[in-house]
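User: I'd like to learn how to read a few features of a structure. Could you walk me through them?
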Amino acid sequence: MMNTFLGKRLKGTVYAFKGALLLLRHEASIQVQAVISIIMIFAGFYFEISTTEWMFQIFAIGLVLSIEGMNTVAEEIADFVHPDFHNKIGFIKDVAAGAVFFAAITAIVIGCIIYIPKF
């Protein structure tokens with residue numbers, strides 16, 4: 001069964017879930033973002049945001065967590081390939097962190113658009 005199309009997708013889902021748990025268990029940045037995500041979800045229920053606002057909020061949460069995960073991947077690969085300091089590795093890590101910055105700013109702007117009018 002595991003060599004069928006559906007079986008392979010199921011196996012891939014198990015690996016993806018394992019990866020998400022590894023991120024949550026071992027990466028402080030993801031842990032912080034996950035706590036912020038939970039707070040924002042509670043805020044959404046408290047302020048009774050609309051379906052459209054929920055879509056944007058969930059998209060923003062997914063964007064930040066996904067890019068944060070990719071940043072972790074870039075850092076881990078860079079450290080594995082070249083454990084000592086190197087200008088190119090530093091550049092790669094900075095660019096990956098910059099991607100997280102863009103995602104976080106986007107999420108903050110979406111949060112402001114949703115929640116500022118509620119006050």
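User: Is Phe101 buried or exposed, and why?

Analyst: First, a note: this is a predicted model, where local features need pLDDT of at least 70, side-chain atom pairs count only at pLDDT 80 or more, and totals for chains, interfaces and linings use all residues. Residues are numbered from 1 along each chain as its sequence is written, and side-chain values use heavy atoms, leaving out hydrogens and water. Buried means under 20% relative accessible area, exposed over 50%, and partly exposed in between (1.4 Å probe, protein chains only). Phe101 counts as exposed because its relative accessibility is 51%.

User: Where does Glu48 lie, and is Glu48 buried or exposed?

Analyst: Glu48 sits in the loop between α2 and α3, and at 69% relative accessibility it counts as exposed. Its C-alpha is 11 Å from that of Ile114, 66 residues apart along the chain.

User: How do α2 and α3 run relative to each other?

Analyst: Helices are DSSP runs (H or I, at least four residues), numbered from the N terminus. Axes are lines fitted to C-alpha atoms, over the stretch in contact for helices, and angles run from 0 to 180 degrees between N-to-C directions. Under 35 degrees counts as roughly parallel, over 145 as roughly antiparallel, 65 to 115 as roughly perpendicular, and the rest as oblique. Here, α2 (residues 28-46) and α3 (residues 51-81) pack at about 175°, with axes 10 Å apart, so α2 and α3 are roughly antiparallel.

User: And what about Val81: which helix holds it?

Analyst: Val81 is in helix α3, and with a relative accessible area of 59% Val81 is exposed.

Notes:
Helices (H or I, at least four residues) and strands (E, at least two) are DSSP runs, numbered from the N terminus.
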